[in-house]
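Hello,

Here is the structure we talked about. Please open it alongside these notes.

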Amino acid sequence: MKSLVLEEKLKLSLRDFPIEREETLGPRDVRIKLHTVGICGSDVHYYTHGGAGIFQVRAPMILGHEASGTVIEAGSEVSTLKVGDRVCMEPGIPDPNSRATRLGLYNVDPAVRFWATPPVHGVLRPTVVHPENFTFKLPDNVSFAEAAMVEPLAVGVHAATKAQVKPGDVALVIGAGPIGLVTALAALAAGCAKVFVSDIDDSKLELAAKLGTITPVNVSRQDLTQEILTATDGWGVEIVFECAGSPRAAEAVFDALCPAGRVVFIGVQMHPIAYDVGKAMVREARVEHVFRYAHVFPRCVAMLSSGAIDVKPLITRTFGFEESVRAFEIAASAPKGEVKMQIELPQ
Ligand SMILES: [Zn+2]
């Protein structure tokens, strides 16, 4: 049973890996044969940096947390899933009895165990045991590849929910990476009339422009605030989603925001950043932060099935499992034009 193991910073191997403890099936668990796993920026960051903030890779760890697969065994008390069901999985498992979980805030439960976040193993491996409660059945018209996009999409849907999008809002998404693009899709599906997407990579912006009523802005040669103020008769956008994790972008989030607008910080900031309270104050801006997501996987699956959201254009490259190490080397080189790369496991 081969797995993709991050041995240490910049060292990946495809090898047998004993993970006995996770292989015990509880009464409310299912065993899933993995089908498709997306490569996330966080997986790549662990590979290139050996850690992120408080999460440092101190022992070999299996990567991957954006996953879909097929149920191959169900625990004795499982009632909503059966062998053969196609599913996607929510990768963070909270303590069901914690105060945060009981308040419905399970994503910010300090005890949450999240795939491929040290010391918890990810799912670039043949099978995984997972709780029924965090495993979601797929309709026939949602492919394994689309289902492995539910995890990143959930971030965008959670952000749109936090922003309380109203029909006809105009939004700005800063950053056209995978999270920026799923956030733009979620904002449109939530009712935005139009979304501006800013980045410095023309190939990503070209892709963004094809996803819906999206106006791309290349900030390496266009003045973002001017573009938005001109297009909105000087009013500004109702919502700004910061998906770049860029301190410079974060400094300017209020510039093109309308009075009483909302700002959602989504991009990971590695260090403390400046935040212009004066500009926020004169607009009575509301500022939100998101950490992953909660309660949105079923909504994401429903939107993929209904066609309200199409993530297929974001999947730009698929690798076989045997090519996983090379896939990560390519992902680490941040190739232009690539949005989401995925790995397919042998079936
Ligand atoms: Zn991810």
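**Helix pair**

The crossing of helices α4 and α5 is right-handed. Keep in mind that this is a predicted model. Helix α4 covers residues 150-163, and helix α5 covers residues 178-190. Their axes come within 8 Å and cross at roughly 50 degrees. The two helices are therefore oblique to each other.

Who makes the contact? On α4, look at Pro 152, Leu 153, Val 155, Gly 156, Val 157, Ala 159 and Ala 160. On α5, the partners include Pro 178, Ile 179, Val 182, Thr 183 and Leu 185. By class, the contact has 13 nonpolar and two polar residues. No charged residue takes part in the α4–α5 contact.

**Ile 62**

Is Ile 62 buried or exposed? Ile 62 has 21 other C-beta atoms within 10 Å, and 20 or more count as buried, so Ile 62 is buried. Ile 62 sits in strand β6, residues 61-62. Pro 118 is 56 residues from Ile 62 in sequence, yet their C-alpha atoms are 9.4 Å apart.

**Domains**

The domain assignment gives domain 1 as 2-149 + 311-344 and domain 2 as 155-289. Their centres, taken over C-alpha atoms, are 28 Å apart. Seven residues of domain 1 contact nine residues of domain 2. On the domain 1 side, four of these are nonpolar, one is polar and two are charged.

Best wishes

Notes. Residues numbered from 1 in each chain as written. Predicted model: local features only at pLDDT ≥ 70, side-chain atom pairs only at ≥ 80, totals over all residues. Axes fitted to C-alpha atoms, helices over the stretch in contact; angles between N-to-C directions. Helix = DSSP H or I, 4+ residues; strand = E, 2+ residues; numbered from the N terminus. Parallel < 35°, antiparallel > 145°, perpendicular 65-115°, else oblique. Left-handed = near helix turned anticlockwise from the far one by under 90°. Contact = placed C-beta atoms within 7 Å. Nonpolar A, V, L, I, M, F, W, Y, C, P; charged D, E, K, R; others polar. Buried ≥ 20, exposed ≤ 12 C-beta atoms within 10 Å, placed from the backbone. Domains from an automatic or database assignment.
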